[in-house]
Amino acid sequence: MKNEYQKTINACFIGYILQAIVNNFVPLLAAVVLYAIGGGLLEVLVSPVVEACPSEHKEQTMSLLHSFYCWGHVGVVLISTVFSGFSA
């Protein structure tokens, strides 16, 4: 089971890095597809684990988990903007 998590995390990470450094449309599209698949699988794998953890505030914990995905996208946009500014 640990191996599947690692592959999913790597796919998502590679997609994010590629999105930040590519300048052409086709590699950018491939990067977006790769991180979308990795992010979706990561969501499917991590949500049940967090839900199964004993906690008094399950709703807050799940909301926090889902907000990290959005903050990751904000970070990628900011990093991509910085890299695009330097490469232009």
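Modeller: In this predicted model, a residue is called buried when its relative accessible area is under 20%, exposed when that value is over 50%, and partly exposed in between.

Biologist: With those limits in mind, why is Phe13 called exposed?

Modeller: Phe13, which is found in helix α1, has a relative accessibility of 52%; the limit for the exposed class is over 50%, and therefore Phe13 counts as exposed.

Biologist: What makes a group of side chains on the surface a nonpolar patch, and which residues form the one described here?

Modeller: The members must each have over 30% relative accessible area and no salt bridge, and their nonpolar side chains are joined within 5 Å. Here the patch is formed by Phe13, Ile14, Ile17, Leu18, Ile21, Leu34, Ile79 and Phe83, which together have about 700 Å² of accessible area. Helix α1 (2-21) and helix α3 (58-87) each supply at least two of the residues, and the largest share, five residues, comes from α1.

Biologist: How do you know that one space is a cavity and another a pocket?

Modeller: In a cavity a 1.4 Å probe fits but cannot get out, whereas a pocket is an open set of points with protein on both sides. A search of the whole structure finds one cavity of 30 Å³ or more, and the largest cavity holds about 40 Å³ of space. The largest pocket holds about 250 Å³.

Biologist: What lines the largest cavity?

Modeller: Its lining consists of Val50, Glu51, Cys53, Ser55, Lys58, Thr61 and Met62, which divide into three nonpolar, two polar and two charged residues. Helices α2 (25-52) and α3 each supply at least two residues of this lining, with α3 giving the most, three residues.

Biologist: And which helices supply the lining of the largest pocket, and how do its residues divide?

Modeller: Helices α1, α2 and α3 each supply at least two residues of that lining, which divides into nine nonpolar, two polar and one charged. Among the lining residues are Ile9, Tyr16, Leu42, Glu43, Phe68 and Gly72. Phe13 also belongs to the lining of the largest pocket, as well as being one of the residues of the nonpolar patch.

Terms used: Residues numbered from 1 in each chain as written. Predicted model: local features only at pLDDT ≥ 70, side-chain atom pairs only at ≥ 80, totals over all residues. Heavy atoms only, no water. Patch = residues over 30% accessible without salt bridge, like charges linked within 9 Å, V, L, I, M, F, W, Y side chains within 5 Å. Areas by Shrake-Rupley, 256 points an atom, 1.4 Å probe, with all protein chains shown as cover. Salt bridge = Lys/Arg side-chain N within 4 Å of Asp/Glu carboxyl O. Helix = DSSP H or I, 4+ residues; strand = E, 2+ residues; numbered from the N terminus. Buried < 20%, exposed > 50% of the residue type's maximum accessible area, 1.4 Å probe, protein only. 1 Å grid on protein atoms, 1.4 Å probe; cavity = no way out; pocket = protein on both sides within 12 Å on 5 of 7 lines; lining within 4 Å. Points joined across faces, edges and corners; volume = space filled by probe spheres on them. Nonpolar A, V, L, I, M, F, W, Y, C, P; charged D, E, K, R; others polar.
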